[in-house]
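Please read them with the structure open beside you.

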Amino acid sequence: MTAANHVDVVLLNGLTQTQVECANFSVYGFDFGEKGFYVGMSNDFVTRYFSHYHSAWKTHNDRGCNAELKQAMRSFPNQTYIIATAETRKEANRLKSAAMVYYDATLNAIRENKALHDTRCFQPLSKEYGVCTLFARRDNSDQNRNASSDRSTIVCEIVWERSKKRVKCIEGPYSGLYVQCSQKERDLHPVGAKVRVKAALSIKKNQLVAPKTDKLLAV
């Protein structure tokens with residue numbers, strides 16, 4: 001699945017979603033089947049993914065991707081992988097070069113010398129370690145900041161304030177704070193109704209934030 005700010009990826013080489021989300025850099029791979037394989041590196045994988053895609057439709061030369069990758073990228077990869085993570089750009093570049101060798105990255109403009117790289121840390125594409133959704137790091141919205149495990153169930157009431165329905169926490173340590181959530185979900189419940197939703201404290205700690213895709217469940 002791909003959207004404006006997130007991409008579903010397959011994790012390789014023992015990686016977990018938490019490791020990928022916390023790492024400074026990611027080494028990623030695009031599998032285009034018979035068209036070839038591409039390996040890249042970025043400190044913001046999802047933003048870089050869509051940079052590749054938008055570059056694919058540009059007719060002039062740019063640094064987004066080479067001509068062969070452009071042609072393949074127009075139909076999106078058959079599969080997208082996170083291959084490795086790194087804390088420094090130097091380490092990420094080293095892992096990228098080694099991954100290009102191991103996964104036979106024919107769509108990379110530069111070919112690496114196999115003798116110069118240790119590829120023992122990699123495993124075949126068939127050995128997956130799960131699938132997860134990654135969000136663009138440049139999307140700093142609170143809806144995408146917290147993992148599900150960071151949120152707690154909040155009991156709230158639908159109230160009418162400032163000429164619109166709002167969701168207000170009425171129990172627990174966050175009682176009195178409003179919940180930022182889906183307007184569509186708010187409209188499904190009458191004023192005075194009690195609902196519950198999983199939410200987390202916002203960065204500014206002045207409200208609670210629930211994912212826009214989460215439902216408000218009647219209490």
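1. Ring pairs join Tyr28, Phe30, Phe32, Tyr38, Phe45, Tyr49, Phe50, Tyr53 and Phe76 into a cluster, where rings of Phe, Tyr and Trp (its six-membered ring) pair if their centres lie within 6.5 Å, and planes under 30 degrees apart count as stacked, over 60 as edge-to-face and the rest as tilted. The whole structure holds 15 aromatic pairs; in one of them the rings of Tyr28 and Phe30 have centres 5.2 Å apart and planes at 40°, so this pair is tilted. Tyr28 and Phe30 are both buried, a term that stands for under 20% relative accessible area, with exposed meaning over 50% and partly exposed in between (1.4 Å probe, protein chains only).

2. On provenance, this is a predicted model, in which local features need pLDDT of at least 70 and side-chain atom pairs count only at pLDDT 80 or more, while totals for chains, interfaces and linings use all residues. Residues are numbered from 1 along each chain as its sequence is written, and side-chain values use heavy atoms, with hydrogens and water left out.

3. A further tilted aromatic pair is formed by Tyr102 and Phe122, at 5.8 Å centre to centre and with 45° between the planes. This pair links distant parts of the chain, since Tyr102 belongs to helix 4 and Phe122 to the loop between helix 4 and strand 5, 20 residues apart. Tyr102 is partly exposed, with a relative accessible area of 31%, whereas Phe122 is buried, with a value of 6%.

4. Helices (H or I, at least four residues) and strands (E, at least two) are DSSP runs, numbered from the N terminus.

5. Thr80, found in strand 4 (residues 79-86), counts as buried because its relative accessibility is 6%. Leaving aside neighbours within four places in sequence, Thr80 is in contact with Asp8, Val9, Val10, Gly29, Phe30, Phe45 and Tyr49.

6. Five strands form an open sheet of mixed pairing in the order 3-2-4-1-5, two strands being paired if DSSP finds at least two bridges between them. Strand 3 (37-42) and strand 5 stand at the edges, each with a single partner strand, so one side of each lacks a neighbour in the sheet. Strand 2 and strand 4 run antiparallel and are joined by seven bridges, and Gly29 stands opposite Tyr81 in strand 4.

7. Helix 2 packs on the sheet, touching strand 1, strand 2, strand 3, strand 4 and strand 5, and its direction makes about 110° with that of strand 1. Helix 4 (residues 89-102) lies across strand 2, strand 3 and strand 4, running at about 175° to strand 3. For these angles, axes are lines fitted to C-alpha atoms, for helices over the stretch in contact, and values run from 0 to 180 degrees between N-to-C directions.

Conventions:
Contact = heavy atoms within 4.5 Å.
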